Amino acid sequence: MALQPQNERPFGFRDKLGYLFGDFGNDFTFIFAGSYLTLFYTDVLGVSAGLVGVLFVVARCVDAFTDVGMGRLVDTLPPSRGGRFRPWILRVCVPVALASVLMYLYFARSWPYAGKVAYMFATYIFWGSICYTAINIPYGSMASVLSADAGERASLSTFRSVGAMLANLIIAAATPLFLFRTAADGTQTVIPERFTLIAVVYGVCAVACYLLCYALCRERVQAAPPREAKRQSFASLAKALAGNRALTAVIGAALLLLLASLLGQGMNMYLFKDYFNSADMLSLVGFAGVLPMLALAPFAAKLSKRFGKKEAGCVGVGVAAAAYLLMWALRLRSVWAYIGLMLVGSVGVGFFNMVIWAFITDVIDYQEVRTGSRDDGTVYAVYSFARKLGQALAGGVVGFALAAIGYVSSTGHVVQTQPVREGIYTISTLVPGLSYFGVFLVLLLAYPLTKKRVEENAAVLRERRGEAAQEP
């Protein structure tokens, strides 16, 4: 690994701001899908919740090939003029936005049931397994080549998380105001046409953010071209990745983290609509979950630098686990008390999410120390697949659990029974609480990159790069 010899401007605020816009763009489609797509399928298309769960599982099987394939593609293709990763953002920004819009065509509700199911599978896989993969893998991998400095990479993780939180804030706060109508009996239902309109608006916003990311970021670090004799086969690379304890631990944590976070987002639609009968409160929930995290953002990189990413991350997810398990135990009836405890959990999760992307750059460094091969794109692709698997588990759990408790999917106005409403509350609190506690245990017991170990790896790589630069 070496610094590029070309005369690039130094790493600075423009790069961090550009990287922020990259995830801002990603999450206009990703968070919207995670929060509202299941609701669209069940309450607009009238597809059974169990079948929605099957869709998410099938899509993740496809991702096992497309994510890793995209990672190997960006690792093996020669860099273009704009770098190895950055040009893909320009190439795919419009297709991923269009693919997102295609998932929310409200008029598909009038199609035959088999046609709606085929439409659901085709558009979701096209968006998530093809288009989103083709832009997210290069974007995520790009953090390791914007700078070689560990502190600057940690700041990129924070800015990326702020971008995600801004998208989450807009989606969580604005979407419910336009998406729901109140029936005569006070219960809440969705407005089908609004799904399509909102998807178009968020798609346009996503493209604008991607273009800003492309314009503001610059790649500065490149891997020296490997000699032919040292090229790794896919089998040897897979073996090396499987032996990377840090990567396998992060994958385990990612599965549980996404299960908890996205299941919570997906169930919130049903929890506030059917249990609390207060869908209009979803906008306040969006602010309550995001604003405290934005307040923490200036301190996240400093705290992770002072105490270590692993050490600080354990505290964050531990707080979240305690908050959700307490909500489950108390069986709250007050929507305000629920939002208050959710706020505490959101602060813990938000802090961890602000540093999680810096975990991946540490894992990439760890891979290079162990094997001599960096494989930025492939390592990130494996992690990205784990995140998508967590997304699928969340969507699958939402669908399967709603079916198990007897939730009635309908395109009309349906009042759920009391046992169903109680079941919604249990799923919304107990499953996230146990999942966050699982993340805590994985980080504490299995993840090897303590603050001391990260510093040792950075010193080893500096020494190697210094020796490589001196070679004729």
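Modeller: Let's start with a definition: a disulfide is a pair of cysteine sulfur atoms within 2.5 Å. Searching the whole structure for such pairs gives zero disulfides.

Biologist: Before we go on, what kind of model is this?

Modeller: It is a predicted model, in which local features need pLDDT of at least 70 and side-chain atom pairs count only at pLDDT 80 or more, while totals for chains, interfaces and linings use all residues. Residues are numbered from 1 along each chain as its sequence is written, and side-chain values use heavy atoms, leaving out hydrogens and water.

Biologist: Back to the cysteines, then. Is Cys93 buried or exposed?

Modeller: Buried means under 20% relative accessible area, exposed means over 50%, and partly exposed is in between (1.4 Å probe, protein chains only). Cys93 has 2% relative accessibility and is therefore buried. Cys314 is buried too, at 7%.

Biologist: How should I read a pair of aromatic rings?

Modeller: You describe the pair by the distance of the centres and the angle of the planes. Rings of Phe, Tyr and Trp (its six-membered ring) pair if their centres lie within 6.5 Å; planes under 30 degrees apart are stacked, over 60 edge-to-face, and the rest tilted. The count here comes to 30 aromatic pairs. Take Tyr19 and Tyr139: their ring centres are 4.4 Å apart and their planes meet at 20°, so this pair is stacked.

Biologist: Where in the chain do Tyr19 and Tyr139 lie?

Modeller: Tyr19 is in helix α1 (residues 13-43) and Tyr139 is in helix α4 (residues 113-141), so the pair links distant parts of the chain, 120 residues apart. Helices are DSSP runs (H or I, at least four residues), numbered from the N terminus, as are strands (E, at least two). Tyr19 is buried at 1% relative accessibility, and Tyr139 is buried with a relative accessible area of 1%.

Biologist: Which pair is edge-to-face?

Modeller: Phe352 and Phe359 make one, with 5.8 Å from centre to centre and 75° between the planes. Phe352 is buried at 0% relative accessibility, and Phe359 is buried, also at 0%. Elsewhere, ring pairs join residues into a cluster that includes Phe21, Phe24, Phe28, Tyr104, Phe195 and Tyr202.

Biologist: And how many salt bridges are there?

Modeller: A salt bridge is a side-chain nitrogen of Lys or Arg within 4 Å of a carboxyl oxygen of Asp or Glu. By this rule there are 13 salt bridges. One of them joins the side chains of Arg109 and Glu193, at 3.3 Å from N to O. Arg109 sits in the loop between α3 (86-102) and α4, and Glu193 in helix α7 (residues 192-216), 84 residues apart. Arg109 is partly exposed at 35% relative accessibility, and Glu193 is partly exposed at 36%.

Biologist: What separates Glu455 and Lys451 in helix α15?

Modeller: About one helical turn, because they are four residues apart in helix α15 (residues 451-470). Glu455 is partly exposed at 45% relative accessible area, and Lys451 is partly exposed at 27%. Salt bridges with shared partners also join Arg9, Asp15 and Arg220 into one network.
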